[in-house]
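Hi everyone, thanks for coming.

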Amino acid sequence: MEEIKRPAGVGKVFSRRRFLQVGVSGAGTVLGLSYIGLGLDFLQPPPLGAEPLQTVGKTADFPENMPKPVTYSGQGVKEGVYVVNLGQGNWLALDFHCTHLQCAVNWVAAVGKFMCPCHGGVYDIRGQVLSGPPPKALPRRVIKIIGDSVQVGGILA
Amino acid sequence: MINWLDERLHVRELTASLFEHPVSKRSNVLDYLGFATFYVFCSQAVTGILLATVYRPTASGAYDSIKQLQGEPVGAFVRSLHSWGANFMVVLLVLHLLRVFYEGAYKKPRELTWLLGSVLLIATLGLAFTGYLLPWDQEGYWATTVGTAMPSHIPWIGDYLVRLLRDGTQVTGATLTRFYSVHMLILPALLLLAFLPHFFFVLRQGMASGDELAKAQKRGKCVDGDSLPFWPDVAVRMILFVLLIGAALWLLAALYPKSLGAPADPLNKSQYVPEPAWYFFGVYQLLKYFPGKLDVLAMVVLPFAGGILLFALPWLDRNPARSVRKRPLALSLAGVLVAGMVFLTYQGMNSVPKALASAGVVVHPGFKENVEPIFQSKCITCHGTSGGYGLDNYTAVMKKNVVPGNPDQSKLIRKLEGSDKPQMPIGQPPLTSDQIQTIRNWIKDGAKNN
């Protein structure tokens, strides 16, 4: 009986053609994904609380229960922070953006509350929501007392 | 020349397919809106490139570079053209979308054209949003601060998304760099990538209004009576329409030049209250109707549902009919949506605090003209519709705290003057003595709704 001649490769489990197809599309996919990976890495925001500590004043500058606005030099901008001395060594640093729509809140000494001029959000001295539309408390920032110097860092989670 | 090109590239075949087809007489100027949008995009590209040659994309340099540009007449005009162009593009795109919807042109076989059109809409709104920040003025800075905070209402990943948009926890120089690259490179590239197939599909399939014609032609019917040749009849009309749009754009840009506000102050010492670009006013106004915890509905659920509706429309609307009479449900739903959006936008624009009419004391003030503007600009952010004592309309004002004819007995005045603690507006500088005297005079005159 005459043997049927097959073109080279046909009938093998993993032909040369198949190998090339899988190889080329595989390598192409890896290269494409690598570009996406580079893009994702570049888009990644810096981790929370990683900003360096900056000295914003001396402990004596901040009387007890009198939140005082200070500035933190961020990337090209001044960021507003309220430093709160709660007494007995307890300190808080609160970001000054209202959690509702990011307007700047004011400390109103007459009533002892933070108030937002935009939609009437009200927070207590610790930044907890008392009334109005804000969905959560004012964000806290890193604060450290080293000797008598008050140092503020980035926003905490 | 044509022969030389044709010999090498067979351009005659191509131009014939582009220009030599009949267009239904039913087709009208509304079918040229897509073309007009494309013209405005080209104008944006040209003016955008010009602006990019002088713009410095850093927090310290951006505002000054634009201020310098504003000092030169041509520079200021180019910026005005670019700013007006953004408005034109949003409006034309939305009108184009409505026309396509009304004609049922998103249905089979044009689903993909609609899908790409939706991408174009999103990319255009993205361009408008990112472009707003670039001058680094108060308006742009605070609109971006508010706008980028909206995803924080999404459960679990919200806070991360905010940081992703801002490249950090706050709107800083890093945000500006990010927005600059998105505005200049990523979104224009996306726009072109979506536009090319969008345009190709239109060429390939023809306009929906020509489908009847094509069917008749297939049956061997002569369609000359119901149609116009695309070239030159329809093409010339399209060009005329675009020239008209171009003239309107240049005229508006020249008559109402885009101004530049105060430089961005992230500490907001002047108590600037953020407001968005007018085309986002609808969403902005919607937020005011959703109190507290329901914000998530307005900021996340509704936009998300809107997006799904937009992209999936050709598959959600299974009714094959294109004629207006056979689509009562789709058209009335769309009518309600559009009317609602127009109403919200109008409401939103109206609720913006009006500029105070005049300085000085008004002896016999009218409520509408003199008193309400003061409430609008100073009080209603807290004393609005949200509850408690409202100062947003006459009836609410008169519910209590005002004794007609007797300002000294009126709690409103005592609160404004500070004899009743705490003085209003709380946490802000008090009203000027002129403003308080004007309100006093109005109460003395009987606190009428005049």
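I'll talk about chain A and then about a pair of helices in chain B.

First, some ground rules: this is a predicted model, where local features need pLDDT of at least 70, side-chain atom pairs count only at pLDDT 80 or more, and totals for chains, interfaces and linings use all residues. Residues are numbered from 1 along each chain as its sequence is written, while chains are lettered from A and ligands numbered from 1 in the order in which they are written.

Chain A is divided into domain 1, residues 9-44, and domain 2, residues 54-155; these bounds come from an automatic or database domain assignment. The C-alpha centres of the two domains lie 52 Å apart.

An unreviewed UniProt entry lists a "transmembrane region" at residues 20-38 of chain A; such annotations use the numbering given here, have shortened feature names and may be inferred rather than shown by experiment. That stretch is 100% helix and 0% strand, with its end C-alpha atoms 27 Å apart. Helices (H or I, at least four residues) and strands (E, at least two) are DSSP runs, numbered from the N terminus.

UniProt, again in an unreviewed entry, also lists "domain: Rieske" for residues 54-152 of chain A. What is the make-up of that span, helix or strand? It is 0% helix and 49% strand, and its end C-alpha atoms lie 5 Å apart.

Now to chain B, where helix α15 (residues 367-378) packs with helix α18 (residues 433-444) at about 135°, their axes 10 Å apart. Axes are lines fitted to C-alpha atoms, for helices over the stretch in contact, and angles run from 0 to 180 degrees between N-to-C directions.
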